[in-house]
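Please read it beside the sequence and the model.

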Amino acid sequence: MSRREQVPSFAVVGRPNKGKSSVVATLARDDSVHIAAAAGSTREVRRFPMRVDGETLYELVDTPGIQRARQVLAWLREHCADAAQRPATVREFLRQHRDDPQYRDEVQALGPLLEGAGIIYVVDGSVPFGADYEAEMEILRWTGRPSLALVNPIESHDFVAQWEAGLGQYFQTVRVFDAHRAEYRKQLDLLTLFGHLDPEWQQPLQRAVDVLQADRQRQHAEAAEAIAGLIVEGITYSVSQSLPEGAPAEPVKILLFQRYQRHLIRREQACRDQVEALFYYRDLKTAEAGIDFAEEELFARENWYLWGLSRRQLLLAAGAAGGLAGGGAGAAIDGLTAGLSHGLGTVLGGIGGAVASARGVLRHSEDIARWKLSGIPSGGQRLVFGPSRNLNFPFVLLGRALQHHRLVCERTHAVRGVMKLDTPALGWLDDAGRRKLALIFEDLRRERKKAQRRAELVVLVAGWCRAVDGEAAEG
Amino acid sequence: MRCQPRRPLLGDLLHLRQQLAADRAQAPETLRERDHAIGQQCRHSDKLQSLLCWLQRVRGEEAGSIYRAQEKHWALLLRVLALLLGAAGMAGFLLASERALVNVLLFLLIFVVAQLLFCLLAAWMTVSALRGMPGPAVSLAPARLIVQRVLPDGQFQREAGVLSRLLLLRYGQEIAALFALGAVLAFLVLLAVLDFSFVWGSTFAISDEVVRTLTGALSAPWSLVFPAASVPPEVISGTRFHPAQLDLGAMAAASRRGWWPFLFACLLFYTLLPRLLLWLLCLWGYRRQLHASLLAWPGVSSVLARMRAPVVDTRAADRPVPPVVGDGFAAAALLDWAGTLASVEPRLRAALAGHTVHAAGLGSPADDVAAIDAVNALGPEQLLVAVRGWEPPMADLADVLGEIAGVRECTLLLAALPGRELSDTRLADWQRFAAGLPFTRSRVQLLDGSAA
C-alpha cells in the first residue's frame, strides 16, 4: 500500500491507567470501550476505524500500557549503532520479542507505530511528572513517528503545567484534553490537530471533521423530532373505556389513569432511548451505574416546577399567549366593524384571552387531564381520560427531554457514572420563549394549525438542541 | 432501479404512517444504513419524490394503490347518486307544482338562495381547513361515506385532521356540484318536454318594483354578455300571480315562459359555478395538504436527513475483549522505587532512616540488577518497598521484586502526594498487585504509617 493510500492511523499509547481508553472512547464515540478504574485493563490492541459509507477516513488504535520502558530502552540502546538506525532497531525489538510474554504489552503498543500510525501519547495531569516517564517517551521518539502528547487531567489540573513543560521536550505538540469532560467542539479540534501531524493526513482528517459536524447536526435534528413527537403525544393522548349501564365508574377511572400514566412514561422512555441511540450510546443503561431517572417522576407533580415552569412563569406565559389569541380575535371584530369599535374588540379580546388562560392555569394546575363521560348509541357510557389540559404538563415533558438531551450531549463516551436530572430544566428559557411555547401548546391542544405548530416546535427544539454545542439557537 | 416521479396518493400517507410507526422499534443504526442505502438509489432533487421513492423501496409495493381503488369505487357510487338526486329534486319540484305553475320566488329560494348559502358555509369551512383550523364536524355529509371507507382508522383521521377535512370537503363539493348539474339538466330536459308556466307571487306584499330590482341584481353579472337571460319589466308585471286567480288567460304565454333563460342562468351562475369553484379550491387545497402532510409527517424529516447523510461509524467493529485485571504480576518486588522517597515529606523520609536504602526503578536496568544483588546479599526476612502510590503498579517493579530471593514478608509503602489522599481505586490497584507477589506474606501500607 502506497503512503498516499494508507489510512491515517493514530495509536494511543502511554502508561497503564492514564486514560488512553477514555480518550479513545470519547473520540470514537464508543461506550463499549472497557474503561476500568483498575490499572492495566486494556490487554489487546483494539482498532476504531472512522468509516463514512464504508470508506475509512482514519483509525484510532487503543493499546495496552507500556510497563517495562526502561528494559526496552536498554535493549534498544544496546542494539543500535546510530540515530539513523533507531526505527529499524525498534522494529528488530518487535521481531525478536513478538512471542515473549514479558514484553507482550510493549510489542502490542509499539506494533501499530511501526505500521505507520501517529503517536498520541497520553499522561495524567493530576499526578506529577516523573523522570521515569522519560524512558517511554524516548522509545516513542525512537520510532520516528509524528507525535502528539495529551495531558488528560483525570482528577485535577494540579500538575498540568509541569507535564506541559516536561512533554514539550519530547513532543512537538502538547494539548490538555479531559477525556471525561471534553466538549464536542474540543473533540473535533483535537481531530483537526491529528491531521496536522502529517501533511498527508490533513485532508482526510478535515473531511472526517466535516462529516462528524454534519452528523452532529443530524443527531440534533432527529432528537428534536423525537422530543417534539413526545410533547405532541403528551398533549393529545387520551384513554377511554366503555362502561356497561349501571357499572360504577370509580374502579375504571383508576385503571384508566394508570393506563394513561404508563403509556406516557413508556413514551418518554422510548424518546430517551431514541436520543441515546442517536448519540451512539448503546450501553448507557447497562453501564455500571446507568441513568438515575425514576420513571414515576414524570407524574410527581411536586417536582413539576423543577422540570417545567413555576406557577408565576406559567401564569405570565399562558396569560400572554391567551391575550395574543384573544387580541387577534378582537382585532378581527374590529376589522369587521371597519374600525367603528375603535380597537375596543382588540383590547377586550386581549384582556379576555389573558384572563381565560390564567384561569385555565389555576383551574387545571392540580389535574393532569379531565374526565369525560358520554353516552354511546349501543347503550352504556364511554369514560375518557385526556387529553391533558394541564398547561404545565407539556413544559414538564419538554424540560425533562431537553435536560436529558443536554446530559447525553455533554457526556463523553468515556464517562461511566450516573446521569442525574436534578437541576431546573427550563430555567434558561426567557419570557419570549415561554410565551411562544405556551401559544404553540395551546394550539396543539385545540388542534389548531397542528402541522404548522408542530413544525414550529421542532424548529424551536432543534435550536435549543444545537445550542448545547454552543451554536446559536434559532427561532 | 430508479423510481419514476409520480403524484402522491392518500394511501401513501397511510403507508408512511404505518412504516414510521414500525420504524420506531428499529435501532437508529439500522435505520441509518437502510435509509442511506435507499437514498443512494433515489437521487431526486425533489423531497417529495425522494420520500415516495423511499416508501416504495421500504414497503416493496406500489404504495397507496390499494386505497385508491377503494376510494374510486365509493366516489363513483356517490357521484352517480348525486347526479340522480339533483335531477330528481328538480323534477320533483317542477312536476309537483299545481297546474304546471312554477313559483319563481320559491324556485329561487330553494335552488339559488339556499344553495348559495350552503356554498358560503362550505367556503368558510374550506378556508378554515386551508388555514389549518379545526372545522365543525358534519356527520350527515354524504362524503363521509367515502372518508370513512378510505380512512377507516379514526386515529389517523385525528392525526391528519386538516387533510381528512379537506378530503371530506373535496368530495362534498364534488357531490354538491353533481347534484346541481343534475338539477340543471333536469330543468332543461323537463322544460323541453313539458309546458311549464313561470309566475311569481307571495303572501307578502311584494311590488313589481321589488321583483324587478331583485331580478336585475341577480342578472347583473351576465346581463351585458347575455341580455336574453334577464327578465324584462313587462314579463315581471305580466306574470304576477295569486292563488285565487283561476284564469291565466290574462297572462301571456310568452311572458310565462320568459323566465326560463333567467332561471337557467341563475342555476348556472349561483348554484353550479360556486360549487365547481369550491370543488376546484378543495381539490387544490387537498393536494397541497397531502403534499405538505407527507413532508411534515412526524419522522419524515429524519428519514430525508438519513437518506442524504452518509453512514458514519467511529466505533470498533468488534466487541471488547473482557479485561483480565491483575494478571502479569507473576514475579515479586522492593525498596525506593523510581525516586519515591525524594517526593515525600522529610519527616517520613526520616522515619525510614534506620533502614538500608537501595534505589531502583529510575536508572538503567543494570542499576536495578545492582539493587537486586544488594538486597539478595543482605537476605532480609522483611522487605519494604517505597512506591509512588498515585501511580499504578507496573510490571517493571514486579520484575525486579521477582528476582529478590529469600524474603518472607514484603510491605509496599505507598507514598501519597503532599496534601492529598490516595484514591480507593489506586489503593485497590496496589492491593491487587501485592497479592500477586511471590512472597510468603505481602501487604500494603501507607507511608505515613496508617494501614491500608
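1. Two strands are said to pair if DSSP finds at least two bridges between them, and helices (H or I, at least four residues) and strands (E, at least two) are DSSP runs, numbered from the N terminus. This is a predicted model, in which local features need pLDDT of at least 70 and side-chain atom pairs count only at pLDDT 80 or more, while totals for chains, interfaces and linings use all residues. Residues are numbered from 1 along each chain as its sequence is written, and chains are lettered from A in the order in which they are written.

2. In chain B, strand β6 (residues 382-388) pairs with β7(B) in the parallel sense over seven bridges, and Gln382(B) stands opposite Glu409(B) in β7(B). Between β6(B) and β7(B) the chain passes through helix α16 (residues 395-402) of chain B, in a β-α-β crossover that is right-handed (clockwise from the first strand over the helix to the second, with the strands pointing away from the viewer).

3. Strand β7 (residues 409-415) of chain B also pairs in the parallel sense with strand β8 (residues 441-446) of chain B, over six bridges, where Leu413(B) has Gln445(B) as its bridge partner. Five of the seven residues of β7(B) are buried (20 or more other C-beta atoms within 10 Å of the residue's own, with C-beta atoms placed from the backbone).

4. Elsewhere in chain B, the axes of helix α8 (residues 161-193) and helix α12 (residues 260-296) come within 8 Å and cross at roughly 160°, which makes α8(B) roughly antiparallel to α12(B) (an angle over 145 degrees).

Note on methods
Axes fitted to C-alpha atoms, helices over the stretch in contact; angles between N-to-C directions. Parallel < 35°, antiparallel > 145°, perpendicular 65-115°, else oblique. Buried ≥ 20, exposed ≤ 12 C-beta atoms within 10 Å, placed from the backbone.
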